[in-house]
Amino acid sequence: MSSTFSGKAWKYGDHIDTDVIIPARHLVSSNESELGKHCMEDIDKDFVHKMSRGDMIVAGENFGCGSSREHAPLAIKGAGCSCVIAASFARIFYRNSINVGLPILECPEAAASIETGDEVVIDPSGGTIENRTKGKTFKVAPFSPFLQDLIRQGGLIPYVRRRLEERGKSE
Amino acid sequence: MGRTLVSAIIAAHSSQEAMEGEICQVKVDFAFANDITGAPAAASFLEMGAEKVFDPQRCAFLPDHFTPNKDIASAEQTKNGREFAKKQGMLYWEVGRVGIEHAFLPEQGYILPGDIIIGADSHTCTGGALGALSTGVGSTDLAAVWALGETWLKVPPTIRVEFKGKRPSWITGKDMILSLIGRISVQGARYMALEFGGEGIEDLPMDDRFTIANMAVEAGAKTGLFVPDGKTLEYARSRAARSFTPLYPDRDASYVRTEIFDFEEMTPVAAMPHSPDNVKPVRECGSPEIDQVFIGACTNGRLRDIEAAAKMMEGKKVADGVRCIVIPASYEVYNAAMDKGYLRTFTEAGAVVCTPTCGPCLGGHMGILAAGERCVSTSNRNFVGRMGSPKSELILASPLTAAASAVTGRLTDPRDVASAEFFNTLEGK
């Protein structure tokens, strides 16, 4: 597991959908940095100008609902966000984030406590979110063993590569 | 405890027990991508070191979102997907033959009862109308399926949904699913499945069932499945591209809960801006003025939808100041609507008829909204900026409500412009 990382929080509400994370008019590219230029522009048009590399998006319930576009977690990565903390995630966004390597943390208590501008420190190995501004620390429920294994292998692409190699050997 | 339909389907595709909450490796019957998700899936596939898709007859690429291509970037993106599909020998349908994936694939018999279907598009859940476990994923997950013929699925808990009584003909599948989402919210079924069954849906046409399953994802669901019945099997058998085995829930299946609707208490409804769960009876929405009407999309671009709208608009004119855009979801629908004279009804009323495409539904092309404009749409999402400007407004409704609104220029309950006799002819009585 990687070491701790920190950044400033940008707080949004419930049901942040993939159409506002990356509007469909930009889905003519799947380039991470190109998509990153338009991240969150239909809900907060200055987001990419005011945020700094390493900052975090914090939101309420059902973050990433709507379309299956993997461009949504790619846009968030491309903008330079280090992770997303939410009370809950929509299921396709959840899978996509793991697959493209965007760290996501499901923690209703942290999502409720953190406000825009708060300094937040994440300890992935300890499974904690610290709101340094408010002096509060929250425990994140771990991923299921299957997903932990997938993440440990470097994500879905290395996982599939290994599975294909195993099949090649057994043939 | 018995199995729900989704658990029965997962168990039939896995060597695991497939009890609720378990993550299972499952065999996939069919896997597809579109012109937005296909090219990144192809790139991930190659990055995985994969050489051949698991079965070219079970993998498909459908260019349906920006169709025909709207600009150079979308043309390049489609070209990448097309070249990959041709090289792999996968199923591919060219512009002029292809339809919106979630209407076209069931028509062509590639989505069948008992199947597991994975699509790189969130509205893949539409296939649930046929009693398949059909669900959307992103491009990398889809690439993994193309490479392995398998994916991982967690067995979700299920909410059972039943409708009681006799459905009046002004209540469409769209009113039924919007009523459900309005009741349980856009995350009411998050990480769950919806299972539709019961006597109230026995006479519900397949096209309405597709509409209902299509919007399961708008309640956060993994999929929305109809328990197969005579209508399902008749539809599937007449079109099947391969053999299939329908599956059913056990009588003692365990559900999170059952949501029951009584047709007698239902009215035509609309989802007001900016959420699919902001649902109200159309007559209680204050009749807002509108600039555009869109009739189409994977939600409501099938023949029964086009027919209902055409009959509603027959001999009438689209109101001054309103643009009405009609897009049949496939050429099967387009040609049937042409043969029945519906396309002429639309153009004589002053509506536009376009070639099958997702088009305006996702703010792609063919009817983008300017700031301050309002549209009544038969599509499935009314998020901020979905059809164009983030300052535009979208109201989701049935084809009957959309067509009635096109004629009056305001959001209108279909019963306020059509007679009881009209509704009788609608159901072919």
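Modeller: Start at B:Ala297, which is placed in helix H9 (residues 297-300) of chain B. This is a predicted model. Phi of B:Ala297 is near 80 degrees, a positive value in a residue other than glycine. Most residues other than glycine have a negative phi, and most peptide bonds are trans. B:Ala297 has 28 C-beta neighbours inside 10 Å, so it counts as buried; the cut-off is 20 or more.

Next comes helix H10 (residues 303-313) of chain B. Nine of its 11 residues are buried, so H10(B) is largely enclosed by the rest of the structure. Among the buried residues are B:Leu303, B:Ile306, B:Met312 and B:Met313. B:Asp305 and B:Glu307 are buried as well. Just after H10(B), B:Gly315 takes a positive phi of about 75 degrees.

A further positive phi belongs to B:Ser185, at about 85 degrees, although B:Ser185 is not a glycine. B:Ser185 sits in the loop between H6 and strand E9 (193-197) of chain B. B:Ser185 has 21 other C-beta atoms within 10 Å and is buried.

Now the domains. Chain B is assigned domain 1 (5-261) and domain 2 (269-426). Taken over C-alpha atoms, their centres are separated by 24 Å. In contact are 33 residues of domain 1 of chain B and 37 residues of domain 2 of chain B. On the domain 1 side, helix H4 (101-107), helix H6 (173-184) and helix H7 (206-214) of chain B each give two or more residues. H6(B) gives the most to that side, with six residues. By class, the domain 1 side divides into 11 nonpolar, 13 polar and nine charged residues.

Two cis peptide bonds deserve a look. One joins B:Pro273 and B:His274, with omega about -5 degrees. B:His274 is found in the loop between strand E12 (269-271) and strand E13 (279-281) of chain B. Another runs from B:Thr67 to B:Pro68, with omega near -15 degrees. B:Pro68 lies in the loop between E3 and H3 of chain B.

Five strands of chain B form an open sheet in the order E4-E3-E2-E5-E6, with parallel pairing. Strand E4 (91-92) and strand E6 (133-136) of chain B stand at the edges with a single partner strand each, so one side of each is left without a neighbour in the sheet. Strand E3 (residues 59-62) of chain B pairs with E4(B) in the parallel sense over two bridges. There, B:Ala60 stands opposite B:Leu91 in E4(B). Helix H3 (residues 72-88) of chain B packs on the sheet and touches E3 and E4 of chain B. The direction of H3(B) makes about 150 degrees with that of E3(B).

Last, the partner chain. Contacts link 37 residues of chain A with 43 residues of chain B. On the chain A side, helix H1 (18-21), helix H5 (91-100) and helix H8 (156-170) of chain A each supply at least two residues. That side has 15 nonpolar, 11 polar and 11 charged residues.

Note on methods
Residues numbered from 1 in each chain as written. Chains lettered and ligands numbered in written order. Predicted model: local features only at pLDDT ≥ 70, side-chain atom pairs only at ≥ 80, totals over all residues. Pairing = 2+ DSSP bridges. Helix = DSSP H or I, 4+ residues; strand = E, 2+ residues; numbered from the N terminus. Contact = placed C-beta atoms within 7 Å. Axes fitted to C-alpha atoms, helices over the stretch in contact; angles between N-to-C directions. Buried ≥ 20, exposed ≤ 12 C-beta atoms within 10 Å, placed from the backbone. Nonpolar A, V, L, I, M, F, W, Y, C, P; charged D, E, K, R; others polar. Domains from an automatic or database assignment.
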